[in-house]
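Here's a quick tour of charged side chains and how they pair up. Have a look at the model first, then read on.

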Amino acid sequence: VSKGVMTYVTPEVKDLYHLLESEFLPLDLASKVQPLLTKISKLGGKISSASSVPDVQLSQYVPALEKVATLRVLQQVSNVYQTMKVETLSKMVPFFGFSDVERILVDAVKHNFIALKVDHMKGAVIFGDLGFESDHLHGHLSDFAVNLSKSRSMINPSAKKVSKLSDMLPSLGEIVEKEHKKLLARKSIIEKRKEEQERHLVEMEREEETKRIKQQKKAEEAEKKRLATEFQEMKNKRIREEIEKRELEEAEALLKDIKGKIGKKPLTERKNMTKQQLMDLALQEQVKGKQEMEKKMQKLIKTMDHLERAKREEAAPLVEAAFHKRLAEEKLLHERQQELEVELSRGRHDGDVKEKNRLQRVLEHKTQFQERVLSRRQAEYERMRAERDERLSQVLQARRDEREIKRKMLYYLRTEEERLNKLREEEEAHKREEAERKKKEAAEKKAKLDEIAAIQRQREQELEERERQRKEAILKGTPIDTTARPSEIPGPGITAPLAAPVPAAPGGKYVPKHRRSELSAQAPPPPAESDRWGTRKKDDRGDDRAAPPSDKWRPRFSR
């Protein structure tokens, strides 16, 4: 495999290699290998054209391959079974008898290829490791016994060596501990080295396997290319051979056709002619033969033309006589057929007249029956027509009623929808009017409040100015003018917050201060002020009279 030999061997050898090296078939391996060995034993021959290379017959390798197949079967069986009967093992290996298989088993066990034991008393083969019987384990036991003896002599020495042991006992435990640690360290190092070595071997095997697979793939691809090239070459060669064979057959056919015509040529001259020359010669002969045949046909046509013309000249009077004779016979036949037809017509007419005279007696009855049938059918027709008209009128009336009901329903639905739409529009209009009214009232109320606030601010300013002037007058010692100015008169509906108005005497005269209380008691009460909601406030007498409602707005249910 490493040298690429597998790419050049036969398929039987490839299959045999695959079975022995790759497959695991402990029960069927030998039965599948045997037919391949039979085919391989028939292969062989000359490998090379060189005289130094001898002939090779693969049959000489069959015995060795049979032995290898037997060992492979035993190895695979030992991995699966622990015990197997001798008869079963003999049937699994058809190449040899059990005695030959036993010799192979002995050699395999001797060279440590497999581990097994043959029990002839039980007639069985026992597979497995026979540990206590192996020399390797025996050597380990001997070493173990020697070491135990040394340890015993060190732990329990004889009486003669007590003094020496007493000197050694204090440091003996430390020495044993150190040696034990050294052995453990050495063992771990050895195990690590073994693991590294095994890992290295596994990697090397994996790399070799990868290389082998790549080489095998390359070899298979090269083999496929080579086979494809050989197949194409064989195909082209077969096509050329078929073309040459067909051309040769055509040339031979031409030769047979012109054999008599070229027979005058000497034999040596015909042998030396090429295929193309033979074909040209055959074509020339064909052209000559065709020309000669055309000349003969022209001569034959001319002869036949003269013969046909002579025949027609001789047959013309005979044809004329036969025509006149046939014309006279057909005329007599026509006259005879006319007379026969007239006689038959007369006979049919006479019979019809007699039948008419015979049926003339029942003509009146026939007429009466016909009229009766027609009248009955007419009455039946009129009745059925009246029934049909009645049904049609009913159907039409039903359809008219249905249309009327549908029209009324549609009218009702339309009017109801219009009414609902009108109500909805009125409701929306009322809502809009209500919103506008509220907005307008809010605006008016705001304007009135703004006006009142402005008047109040003006009065406060005037009062502040009067108070300032009064203080200045007091400080200067000037008399104070107590008459009210027109701007100091409070507006309608507003009372002075700081000082009550000075009551005036009749005629507008000045009233002294000591008489003002008397005038105020005699004066009529001031009119009641209205609040901002249109209602009258309570006066000093407790009279509460409501203002009349405004006509601007009324509830919706009172409209």
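Let's start with Arg407, which forms a salt bridge with Glu404, their closest N and O atoms being 2.1 Å apart. A salt bridge here is a side-chain nitrogen of Lys or Arg within 4 Å of a carboxyl oxygen of Asp or Glu. This is a predicted model, where local features need pLDDT of at least 70 and side-chain atom pairs count only at pLDDT 80 or more, while totals for chains, interfaces and linings use all residues. Residues are numbered from 1 along each chain as its sequence is written, and side-chain values use heavy atoms, with hydrogens and water left out.

**Pairs in helix α10**
- Arg407 and Glu404 both sit in helix α10, 3 residues apart, or about one turn of the helix; helices are DSSP runs (H or I, at least four residues), numbered from the N terminus.
- Arg407 is partly exposed at 46% relative accessible area; that label covers the range between buried (under 20%) and exposed (over 50%), using a 1.4 Å probe and protein chains only.
- Glu404 is partly exposed too, at 31%.
- Glu380 and Arg383 also meet in a salt bridge (2.1 Å, N to O), and they are 3 residues apart in helix α10 (residues 363-476).

- Arg103 forms a salt bridge with Asp100, with 2.1 Å between the closest N and O atoms.
- Arg103 is exposed at 52%, whereas Asp100 is partly exposed at 25%.

**The wider picture**
- The structure holds 20 salt bridges.
- Glu223, Arg226 and Glu230 are linked in a salt-bridge network.

Definitions and conventions. Helix = DSSP H or I, 4+ residues; strand = E, 2+ residues; numbered from the N terminus.
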